[in-house]
Amino acid sequence: MKSVFGLIIGNRGFFPAQLVREGREDILKALKACGCGAVVLDEKDSQFGSVETLEDAKKCAALFRKNAEKIDGIIISLPNFGDERAAAGAIQMS
C-alpha cells in the first residue's frame with residue numbers, strides 16, 4: 001500500500017445526507033484505485049461514518065490516535081458543506 005490517509009467526511013445535518021454517503025464511497029474508491037488506504041469512522045459509528053458533532057469528532061480523534069503510526073496524512077471532505085468545526089476538532093484532539 002502506497003499511503004494511508006486519515007479520512008474525515010464532514011456532515012451538516014440540514015443538507016442531504018445522501019451526499020455524505022456518496023462522497024464517502026467515491027473517495028474510498030479513488031484511494032483504493034491509487035493503492036492507498038484509509039482510516040475512517042465506520043458507518044456504524046455515526047451517520048455514514050461522518051463527523052458532524054463533538055461526539056463524532058471525539059470518536060474520530062480516538063481512531064486516529066489508535067492508528068497514528070499508520071496515517072501519512074489527513075483528507076477532509078465536506079460533500080454537503082459539512083461542519084468544518086467538527087473536522088478541525090477531530091484533528092486537534094487526535
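This is a predicted model: local features need pLDDT of at least 70, side-chain atom pairs count only at pLDDT 80 or more; totals for chains, interfaces and linings use all residues.
1. The structure holds one aromatic pair, made by Phe 14 and Phe 15, with ring centres 4.9 Å from each other and 40° between the planes, so it goes down as tilted. Phe 14 has a relative accessible area of 67%, which is over the 50% cut-off, and so it is exposed.

2. Next, the helix packing. Helix α2 (residues 54–66) and helix α3 (residues 84–93) pack at about 35°, and their axes are 8 Å apart. The crossing of α2 past α3 is right-handed. On the α2 side, the contact uses Leu 54, Ala 57, Lys 58, Cys 60, Ala 61 and Arg 65; on the α3 side you'll find Ala 86, Gly 89, Ala 90 and Met 93. Sorted by type, the residues of this contact are seven nonpolar, one polar and two charged.

3. Lys 58, one of the α2 residues in that contact, also has a salt bridge to Glu 55, at 3.7 Å from N to O. Both residues sit in α2, three residues apart, or about one turn of the helix. Lys 58 is partly exposed at 38% relative accessibility, and Glu 55 is partly exposed at 47%.

4. The salt-bridge count comes to four, and two of them deserve a look for what they connect. Arg 12 pairs with Glu 84, with the closest N and O atoms 3.0 Å apart. Arg 12 is in the loop between β1 (4–9) and α1 (17–33) while Glu 84 belongs to helix α3, so this bridge ties together parts 72 residues apart in sequence. Glu 84 is partly exposed, at 45%.

5. The other one joins Arg 24 and Glu 43, at 3.8 Å from N to O. Here helix α1, holding Arg 24, is linked to the loop between β2 (37–39) and α2, where Glu 43 lies, and the two residues are 19 apart. Arg 24 is buried, because its relative accessible area of 10% is under the 20% limit. Glu 43, at 44%, counts as partly exposed.

6. Lys 66 is exposed at 65% relative accessibility. Its C-alpha atom is 10.0 Å from that of Val 39, a residue 27 positions away along the chain.

Terms used:
Residues are numbered from 1 along each chain as its sequence is written. Side-chain values use heavy atoms; hydrogens and water are left out. Axes are lines fitted to C-alpha atoms, for helices over the stretch in contact, and angles run from 0 to 180 degrees between N-to-C directions. Helices (H or I, at least four residues) and strands (E, at least two) are DSSP runs, numbered from the N terminus. A crossing is left-handed if the near helix is turned anticlockwise from the far one by less than a right angle, and right-handed if clockwise. Contact means heavy atoms within 4.5 Å. Ala, Val, Leu, Ile, Met, Phe, Trp, Tyr, Cys and Pro count as nonpolar, Asp, Glu, Lys and Arg as charged, and the others, Gly among them, as polar. Rings of Phe, Tyr and Trp (its six-membered ring) pair if their centres lie within 6.5 Å; planes under 30 degrees apart count as stacked, over 60 as edge-to-face and the rest as tilted. Buried means under 20% relative accessible area, exposed over 50%, partly exposed in between (1.4 Å probe, protein chains only). A salt bridge is a side-chain nitrogen of Lys or Arg within 4 Å of a carboxyl oxygen of Asp or Glu.
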